Amino acid sequence: NDQFISSLLDKIGQNTLTLPLISQNVTTIDANLTWPLFTGGKRIYAGKIGKTLVSVAEVNREQVSANQQALLIESYFGLRLGQRVVEVKTETYNSLKTHYDQALKLEQQGMINRAERLVAQVSMEEAKRELESARKDLEVASQALKSLINVGEEQEIRTTTSLFINESIPSAGYFKEMIPFNNYLVNQLKLQESIAHNQLKIGRTGYLPNIALIGKQTLYADGLDKYLMPRTMIGVGFTWNIFDGLDREKKIRQARLTSQSLAIGKEKAVTDLQVGVDKFYSQMQNAMDNVKALNTTLEMSNELVRIREKSFKEGMATSSDVVDAEVVLSKVKTAFLLAYYQYDVALANLLSICGIPEAFHQYRMDGKTEIL
């Protein structure tokens, strides 16, 4: 028996015995699932970055809205100023035309000489040119506002809100205190700084392992038996990147430098914006001082015109005296309206950089409208 078995094994060893487990052509359709259970906090910080980006977009939208409101106020009150200036120039022209008619009659009666009448005529023509120039400026202001609010050129815009000025305003320090908390640019830098801080945390999570739940489900299999390859598998995967060529260190350093740059930029932005507050606040103060000074000048100019016209009729004043008084009154009224306009524009810009453009309405309600 031993010899028979030995001879049999020797014969088998000389040949190749092939026992195929699976066929040569195998087809499978699988569904694989990977569910991270722990990634070192990457998902949490990434979610925070996503929410911060939404906040950045909202702040950008608010900034655009505030800038558009300031531009609209400037254009609207520019149109209002143009209309009021045209009214002043029209009154001046009508007054000088009346004065010319009076001078012409007095010349015919021999009460004044030709030179007096020519002075009145030249002044009337000059007032007419200034009126035409004011009307052209008004047309430009009207076109600018129509373009901003997207209305047709053939439509007419009527202003119903008057220029205004407040008799008292808070101190400059009150507005400066709002810059670090309400200004749109500063808030954007704060949000960017938060994003950089979370990116730094994400970079540090690269040193931690990743753990994920993995699963596989074979939907279709051909040529592969179940006892060789199960149709459903569930398990836990563990990955820990020990060395990545210092890529993690580079990302951490980059995020740290970005955070530092944003912090420095935020401090500089606050300083620059506070200087802007001083600028607009100074413009408002100058406008208020000009209005106070021009109130008295306006009263005296009106009285001077009345006296000069009465004296001219009585032969106690020359035509030049009347013209000079009318020109001075026109300039004072124009300067008066311009001071109101400068105040309104400066206030709109000031409230915009302070992040409270909606407060403009309350200031307007509390303000004193222009009265000539």
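A pocket is an open set of grid points where a 1.4 Å probe fits, with protein on both sides within 12 Å along at least five of seven lines. In this predicted model, the largest pocket holds about 330 Å³ of space. Its lining is made up of 19 residues, and K42, I202, G203, G206 and K251 are the closest to the pocket centre. Two elements, α6 (184-204) and α7 (247-313), each give two or more residues to this lining. The largest share comes from α7, with seven residues.

The second largest pocket has a volume of about 190 Å³. Among the residues that line the second largest pocket are L79, Q83, R135, L138 and E139. S142, K146, Q155, E156, I157 and R158 also belong to that lining. The elements giving two or more residues here are α2 (42-108) and α3 (114-149), and α3 provides the largest share, five residues.

**Helix α6**

Helix α6, which contributes to the lining of the largest pocket, has 21 residues. From its first C-alpha to its last, α6 reaches 31 Å, close to the 30 Å expected at 1.5 Å a residue. At the start of α6, a side-chain oxygen of N183 comes to within 3.0 Å of the backbone nitrogen of L185.

The buried residues of α6 include Y184, V186, N187, Q188, L189 and L191. Further along the helix, E193, I195, A196, N198, L200 and G203 are buried as well. G203 is also one of the residues closest to the centre of the largest pocket. The cover over the buried residues of α6 includes α2, α5 (179-182), α7 and α8 (319-353).

**N182**

N182 lies in helix α5, one of the elements that cover the buried residues of α6. Is N182 buried or partly exposed? N182 counts as partly exposed because its relative accessibility is 28%, and the partly exposed class lies between the limits of under 20% for buried and over 50% for exposed.

Leaving aside residues up to four places away in sequence, N182 touches N187, C354, G355 and I356. Of these, N187 is a buried residue of α6. N182 and G355 are 173 residues apart in sequence, yet their C-alpha atoms are 4.8 Å apart in space.

Note on methods. Residues numbered from 1 in each chain as written. Predicted model: local features only at pLDDT ≥ 70, side-chain atom pairs only at ≥ 80, totals over all residues. Heavy atoms only, no water. 1 Å grid on protein atoms, 1.4 Å probe; cavity = no way out; pocket = protein on both sides within 12 Å on 5 of 7 lines; lining within 4 Å. Points joined across faces, edges and corners; volume = space filled by probe spheres on them. Helix = DSSP H or I, 4+ residues; strand = E, 2+ residues; numbered from the N terminus. Expected span 1.5 Å × (residues − 1). Buried < 20%, exposed > 50% of the residue type's maximum accessible area, 1.4 Å probe, protein only. Contact = heavy atoms within 4.5 Å. Polar contact = N/O pair within 3.5 Å; in protein donor to acceptor, adjacent residues only side chain to side chain.
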